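Me: I have a model open and want to learn how to read it. Can we go feature by feature?

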Amino acid sequence: MDSVFIYSEAFQDYRFSDEHPFNQLRVKLVYDLLQKGGFIHESQIVSPRMATDEEIALIHDSAYIKAVKKAGKGLLDKQSALPYGLGTEDTPIFPDMHEASAWLVGGTLTAVDYVLEGKAKHALNLGGGLHHGFKGKASGFCVYNDSSIAIEYIRRKYGLRVLYVDTDAHHGDGVQWSFYDTPDVCTFSMHETGRYLFPGTGAVNERGHGPGYGYSFNVPLDAFTEDDSFLETYRTMMHEVAAYFKPDIILTQNGADAHYYDPLTHLCSTMRIYRDIPKIAHEVAHQYCHGRWIAVGGGGYDIWRVVPRAWSLIWLEMQEQTVSGLLPPEWIETWKPHAKTPICTHWEDVEQLYTPIPRKNEIEEKNRLTMLKSLEIIRSNMKNSIF
């Protein structure tokens, strides 16, 4: 098979509360949209396995894993939980949180094995993408960092060079710091500037450390960045970073929170970027990695109007399918009574989605200069190689 879709109802168990913005119902909405649209075949759907403690410990401290287990059983008091980032407003404790988190990690590891054992060219695990988790601490809705675990798993089991690409509106801090001094992992995060948004990191000068120097790339975009500037930056960075690093496999984190509708961020993108982000990743994967591409989910907090469309487009790109016009009417009718905001009825956004941004030219120029600064290492190396 060219592509596999990792899915389990167990992904729904990763749920903090009814009021929490992180809601894995979005994964089910995507799955149902693809099925009702006839875009996916049963043979392409793969059940995940639960990650083992040993696999989670590839990145996370054993003491932290034990704390997560205790918290999920109601056996960790608040004073003991807080140093681990558990029981906070962002990452509250919920029942069986270790098991729920281990399913998400196992989904990404299942995707890895399907691709690297030659069973598929591409694999999509929308339950994953929890990029803020640290070695010994939960952060930003993320308990275990499935992408970091998967990358370390790839390094140890398959010995490959990994390019990690993160287009979530929030900086991919947990993955960056996991491999900050590692030369065979290159991280590229494009996100809203930390001046206004959690986690406040991801500056251009975060370029790696020691043997990993030159393998960490960040482009913090100005607030209110629109499609043209976003895509100019992404397209340029993807091609230049891939040509520089020459990866064996690409893992993309596909947060869908850069959209204008997202309630937690300040970027002004439309559905246009969610067609091009996977398209360019797909091209780069075939150019450098024999097509080996793993994609995971991430942020995305407008689960009715944005995430189902944006994440479905990743799968459709993997299938080399193009869609436009009306969404599957059966899907609209199924979910419209449950939606807390009006469901979008078309793949494309409406014209004039928002009031024109008055600083458009200034923002575009600022982003261009930021991108060029991020590319200084590549440009310098290319210049020096000429002489």
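Me: In which sense do strand 1 and strand 3 pair, and over how many bridges?

Reply: Remember first that this is a predicted model. Strand 1 and strand 3 run parallel, joined by three bridges.

Me: Which way does strand 2 run relative to strand 1, and how many bridges join them?

Reply: Parallel, with two bridges. Strand 2 covers residues 45–46. There, V46 is the bridge partner of I6.

Me: How do I read the side chains of a strand?

Reply: In a regular strand, side chains alternate between the two faces of the sheet. Now take strand 1, residues 3–6. S3 and F5 point one way, V4 and I6 the other.

Me: Are those residues buried or exposed?

Reply: All are buried.

Me: Next, a loop residue. Where does H131 lie?

Reply: H131 is in the loop between strand 3 (122–125) and helix 6 (146–158).

Me: Why does H131 count as buried?

Reply: Because its relative accessibility is 3%, and buried means under 20%. The H131 side chain also makes a polar contact with the side chain of H132, at 3.1 Å.

Me: Last, cavities. How many of 30 Å³ or more does a search of the whole structure find?

Reply: One. The largest cavity has a volume of about 50 Å³. Helix 9 (271–288) and helix 10 (307–318) each give two or more residues to its lining.

Me: What classes of residue line the largest cavity?

Reply: Six nonpolar, three polar and no charged residues. The lining includes Y274, I277, W311 and I314.

Definitions and conventions:
Residues numbered from 1 in each chain as written. Predicted model: local features only at pLDDT ≥ 70, side-chain atom pairs only at ≥ 80, totals over all residues. Heavy atoms only, no water. Helix = DSSP H or I, 4+ residues; strand = E, 2+ residues; numbered from the N terminus. Buried < 20%, exposed > 50% of the residue type's maximum accessible area, 1.4 Å probe, protein only. Polar contact = N/O pair within 3.5 Å; in protein donor to acceptor, adjacent residues only side chain to side chain. 1 Å grid on protein atoms, 1.4 Å probe; cavity = no way out; pocket = protein on both sides within 12 Å on 5 of 7 lines; lining within 4 Å. Points joined across faces, edges and corners; volume = space filled by probe spheres on them. Nonpolar A, V, L, I, M, F, W, Y, C, P; charged D, E, K, R; others polar. Pairing = 2+ DSSP bridges.
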